[in-house]
Amino acid sequence: MDQPSNHTTELESTILSSKKSVCVIGAGPSGLVAARELRKEGHMVVLFEQKHDVGGQWLFDPDVDKEDPLGETKFMEVHSSIYNSLRLLSPREIMGYTDFPFLVKEGLGRDTRRFPGHRELWLYLKEFSVHFGIRELIRFNTRVEYVGMLEGSGACGDLGNDLKWVVRSRKLDDDIISSGNGDVNDVDYDLSIDRVERNGEVVEEVFDAVVVGNGQYSYPQLPSIKGMKTWKRKQMHSHVYRIPQPFQNQVVVMVGNSLSAQDISMELAGVAKEVHISSRSQKNFMEGFSKVISKHEKLHLRPQIESLEEDGRVLFVDGSFVVADAILYCTGYKYSFPFLDTKGLVTVDDNRVGPLYHHTFPPLLAPSLSFVGIPRKIIAFPFFESQGKWVAQVLSGKRKLPSPDDMMRSVQEFYRQREADGIPKHETHDIVQFEYADKYADKTGFPHLEEWRKKMCLVALDNSDVHLETYRDSWDDEELLQEALQSPHFTQHIGPITIST
């Protein structure tokens, strides 16, 4: 009988070579599902999360005193921009990942509404992380401070495939870290990591690939207004707004008419002396918001701000002014990756992250560097799931990317088409198309969005346009709701989940 060989077979070598050590940054909706898909493909995954639990944006943080009120720091101390009263903009039925529906859960402290508060979605993400065993991959309270290309890697002419990445992380409090997922697919591939990291300690490691999933709603986008730097009264971005009480009996100027601005202005109307809503254009106001402004005597519509004066006056471009106690900027967020050093191969220019092939892979650094969670104005969870699956399968060799030149040509063609359609650069990643999501899904054989999910999304948007104050509690889509609840998305078996709330 032949003696067992000590040499690995060609098949075993192929399996080993296709398994990558992957750093995922951020345990929010995009990072969690990316980590799951990567582990499905057998990769070693370490997920870095700077907070104490999963959720990303949905992990509510009331302690905003530690944050710069305008968010003008390199690393944000407060990641979440969620305010206390926030409820979902979309019904829960369309929110879940494809194989893990966002079910109504009965019990103490649970929110059973179709448009629940933010805590319910955080609990959903926590349940997801438990159900799929993702928590064991996560290093909590650990901030990634540097990601850069390992010197000498990528020297074989195939930069993206040959690259390795240096990752430096800092422990933010005393804790014992024990992570790793052991053997992979019965191959002797020990990935366990056990050590003690102390507060402030910096750890440097090398990974085969990095997936950036640090979110898109943490770094404030601020306007440039004359006198803004010298105005002595309260100025803050909605990133650090949590409750209305600090604005009791104050004259508040709100800049912007975003969805958060609408929510917050209605809330402030109950406590403030006056709320003046300044917007560059008054033509884009939804019917529902116009109704709200007309019925609340404390709400006033104003044009764009001309300047801020040291005596407290806020001057508007039409010559009018108010003496304000506070200015609240609801002006959106910018993409920021303060830890990432790509030697200029990936930049953020007017809120365009690029070049990125289909919002995911930088052509010259793919597939070793990828981004999950960049697109906006989409049904986010299924889209991020399809992104994570694509990244995982490309890294394992199941899927192939075009050549760097072909990817770059595709990116440039996408930019030209957006420009021809009149879409400004800062809206590069605003998808606003179900068709794009379906085409994206085809890259990995991912299912298309269900028709009921698409229709339910549009119905909710139309309802909010007209009935801003009531649409979350009054709707007329019962037939769609029954179609959704009877679909495979909801009837598939999900085992029992027990977590501490």
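Mentor: In strand 18, Y329 is the bridge partner of H237. Strands here are DSSP runs of E with at least two residues, helices are runs of H or I with at least four, and both are numbered from the N terminus. The model is predicted: local features need pLDDT of at least 70, side-chain atom pairs count only at pLDDT 80 or more, and totals for chains, interfaces and linings use all residues. Residues are numbered from 1 along each chain as its sequence is written, and side-chain values use heavy atoms, leaving out hydrogens and water.

Strand 11 and strand 18 (residues 326-329) run parallel and are joined by 4 bridges; two strands count as paired if DSSP finds at least two bridges between them. They belong to an open sheet of 5 strands with parallel pairing, ordered 11-18-12-13-14. Strand 11 (234-237) and strand 14 (299-302) are its edges, each pairing on one side only. On average, neighbouring strands of this sheet are turned by 20 degrees against each other, direction ignored.

Helix 5 packs on this sheet, where it touches strand 12 (251-255), strand 13 (274-278), strand 14 and strand 18. Its direction makes about 170 degrees with that of strand 12. Such angles run from 0 to 180 degrees between N-to-C directions of lines fitted to C-alpha atoms, for helices over the stretch in contact, and a contact means heavy atoms within 4.5 Å.

The partners are D263 and R472, whose closest N and O atoms are 3.4 Å apart. D263 lies in helix 5 (residues 259-268) and R472 in the loop between helix 10 (451-466) and helix 11 (478-485), so this pair ties together parts that are 209 residues apart in sequence. D263 and R472 are both buried, that is, under 20% relative accessible area; exposed is over 50% and partly exposed lies in between (1.4 Å probe, protein chains only).

Helix 2 is mostly covered, with 10 of its 12 residues buried. Among the buried residues are P29, L32, V33 and L38. Their cover includes strand 1, strand 2, helix 3, strand 3, strand 9 and helix 7 (380-396). Just after helix 2, G42 has a positive phi of about 90 degrees.

R36 and D99 form a salt bridge, with N to O at 2.8 Å. D99 lies in the loop between strand 2 (44-48) and helix 3 (118-131), while R36 lies in helix 2 (residues 29-40), so the pair ties together parts that are 63 residues apart in sequence. R36 counts as buried because its relative accessibility is 4%.

K398 lies in the loop between helix 7 and helix 8 (404-420), and is exposed at 59% relative accessibility. Its C-alpha atom is 9.3 Å from that of E41, although the two residues are 357 apart along the chain. Leaving aside residues up to four places away in sequence, K398 touches E41 and Q393.

As for the protein as a whole, it has 12 helices and 23 strands, and 54% of its 501 residues count as buried. Of the contacts between residues at least 6 apart in sequence, 70% join residues at least 24 apart. The salt bridges number 36. The whole structure has 0 disulfides, a disulfide being a pair of cysteine sulfur atoms within 2.5 Å.

How values were computed. Salt bridge = Lys/Arg side-chain N within 4 Å of Asp/Glu carboxyl O.
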